[in-house]
Amino acid sequence: QVVIVESGGGLVQPGGSLRLSCAASGGHLSIYDVDWYRQAPGNQREVVASSSRSSYTNYTDSVKGRFTISRDSTKAVVFLQMNNLKPQDTGTYFCNAHRPTFWGLHDYWGRGTQVVVSS
């Protein structure tokens with residue numbers, strides 16, 4: 001069973017930076033496409049950044065130019081570097097690892113890490 005763990009959240013002032021990390025036990029993220037989602041209180045969960053196994057990346061418009069998704073050299077850890085944070089970036093950030101297989105979609109979620117952007 002693959003267990004996803006996020007870390008790196010916290011309280012930061014507007015304009016500040018945080019780096020979130022996503023790692024897996026029981027599996028290796030190099031074989032998964034990985035997305036970072038966030039969910040603000042009262043809102044639906046939304047995808048903010050994606051990293052495919054082939055290193056393709058994509059971002060939602062509201063974070064382009066401020067957030068960067070990347071993997072370490074072994075591709076076992078996926079990072080979300082968040083710069084110039086804004087209060088509207090506040091929320092719980094979730095890591096989702098997924099890949100299609102012959103037997104169906106393998107889809108794993110972490111429990112989330114909290115990000116609060118406030119002065």
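The model is predicted, so local features need pLDDT of at least 70 and side-chain atom pairs pLDDT 80 or more, while totals for chains, interfaces and linings use all residues. Residues are numbered from 1 along each chain as its sequence is written, and side-chain values use heavy atoms, without hydrogens and water.

The whole structure holds 3 aromatic pairs (Phe, Tyr or six-membered Trp rings with centres within 6.5 Å; stacked under 30 degrees between planes, edge-to-face over 60, tilted for the rest). In one of them, Y32 and Y108, the centres are 5.9 Å apart and the planes at 80 degrees, so the pair is edge-to-face. Y32 belongs to the loop between β3 (18–25) and β4 (33–39) and Y108 to strand β10 (residues 104–109), so the pair ties together parts 76 residues apart in sequence. Strands are DSSP runs of E, at least two residues, numbered from the N terminus. Y32 is buried at 3% relative accessibility, and Y108 is buried at 15%. The rings of F102 and W103 are also edge-to-face, because their centres lie 5.7 Å apart with planes at 85 degrees.

R45 lies over the face of F94, 3.7 Å from the ring centre, and over that of W109, at 4.9 Å (CZ of Arg or NZ of Lys within 6 Å of the centre and within 35 degrees of the ring normal).

R66 sits in the loop between β6 (57–59) and β7 (67–71) and is buried at 8% relative accessibility. A polar atom of the R66 side chain is 3.0 Å from the backbone oxygen of N84.

Notes
Helix = DSSP H or I, 4+ residues; strand = E, 2+ residues; numbered from the N terminus. Buried < 20%, exposed > 50% of the residue type's maximum accessible area, 1.4 Å probe, protein only. Polar contact = N/O pair within 3.5 Å; in protein donor to acceptor, adjacent residues only side chain to side chain.
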